[in-house]
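Please open the model in your viewer and keep the selection panel at hand.

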Amino acid sequence: MKWYNILNIDEIDSPSIVLYEDHLMHNLNTMITMVDSDLSKLMPHIKTNKMPKVIRQMITLGIKSFKTATIAEAEIAAVEGATHVLIAHQLVGPKVMRFIELIKTFKNTRFSTIVDNIDSAKKLHHEAVKHAININIYIDINNGMDRSGIEIGIGLENLIEQIDRCLSLNFLGFHVYDGHLRTPDFKQRKDRVEEGFKNITTFFETLKHKYPNIEIISGGTPSFTSHLTEKDRICSPGTCILWDWGYDQKLTEQEYKYAALVITRVISKPKKNVITIDLGHKAIASENPIDNRVKFLNLFDYELISQSEEHGVLSVQNWNDIKVGDVLYGVPYHICPTINLYDEVSVIVHSKKIDSWDITARKRKITI
């Protein structure tokens, strides 16, 4: 029997997502092994899994620092016992007050966030003074992705000077995300990662004379294998915890396993060599071209030719062998936005569904 086949599949609705616990644990232990069990080097991003029970597994293994993209993710990490949570998303609007409520509510968790401009730093300082708290911050550095952050230069120097004047802000270091560097050739990727860090490292070393305890939160899964060997860099892989088809193609030096699959069923055979499945836009991430959305493990010689909200249409060669109701096991090309489409995962142990885990942080707001 293939590793992904589920014996009690009739108990699992479609479309849905399933989590193979043995593959999850393999991925978590592989991540730890890659840093030689130095857990101070790890701050996994939980934007991919969004599940309290996955976070609990990591905490059981000794990982207690996490990076998040949302207040909700930060909250579930704190509930599970995280000691440090970085919200790596510049806070605007009501999120500032929600962040302060986190700090007040979870006394045993150190929260931090990022800034890349003086106005945001002043806003956080103003609220910190108003609420009689201190706020921990990392400066978000733009090293080529051009999505957020501030470049090395006079603007950064001015920002640091402003932070020094804001006595309710604690400067912890830099946050640098280089997710644009994904070339499949590992040597080329590592060379580009290090080239992107050259000016950052030089500037960072000069700062350490004044701020000896600062650190760099660096990268994601694509650059994990580059950053893990460098001092002062804390790594933030996230996708590798569940893994997906996209990174499996690109990051061949990383030995992770597919821990999450989508379950879909054939719902129609409208004409010769065409089948329809219940896997539409609402069931799998569709930001990529249609040929890079899902790979089926138990279907061959096929092509996904169209999708609508609730339907996926495939051309197939073995049309006569396929029946309405047949189950297909699919690997998402991009697991992060796919997991966000579901309320829960079915947990598979020894080829059987034994539990369901809530994908709690797919909600933007939980209790705070």
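Helices (H or I, at least four residues) and strands (E, at least two) are DSSP runs, numbered from the N terminus. This is a predicted model, in which local features need pLDDT of at least 70 and side-chain atom pairs count only at pLDDT 80 or more, while totals for chains, interfaces and linings use all residues. Residues are numbered from 1 along each chain as its sequence is written, and side-chain values use heavy atoms, without hydrogens and water.

Select His45, Lys47, Ala69, Arg147 and Tyr177: of the 43 residues lining the largest pocket, these are the closest to its centre. A pocket is an open set of points on a 1 Å grid over the protein atoms alone where a 1.4 Å probe fits, with protein on both sides within 12 Å along at least five of seven lines; lining residues have an atom within 4 Å of a point. The volume of the largest pocket is about 940 Å³, counted as the space filled by probe spheres set on the points, which are joined across faces, edges and corners. Next, display α9, which gives the largest share of this lining, 3 residues.

For the second largest pocket, of about 210 Å³, select His84, Arg110, Tyr138, Glu215 and Ile234, which lie nearest its centre among 15 lining residues.

Finally, select residues 71–80, helix α3: 9 of its 10 residues are buried, so the helix is largely enclosed by the rest of the structure. Buried means under 20% relative accessible area (1.4 Å probe, protein chains only).

Technical notes. Buried means under 20% relative accessible area, exposed over 50%, partly exposed in between (1.4 Å probe, protein chains only).
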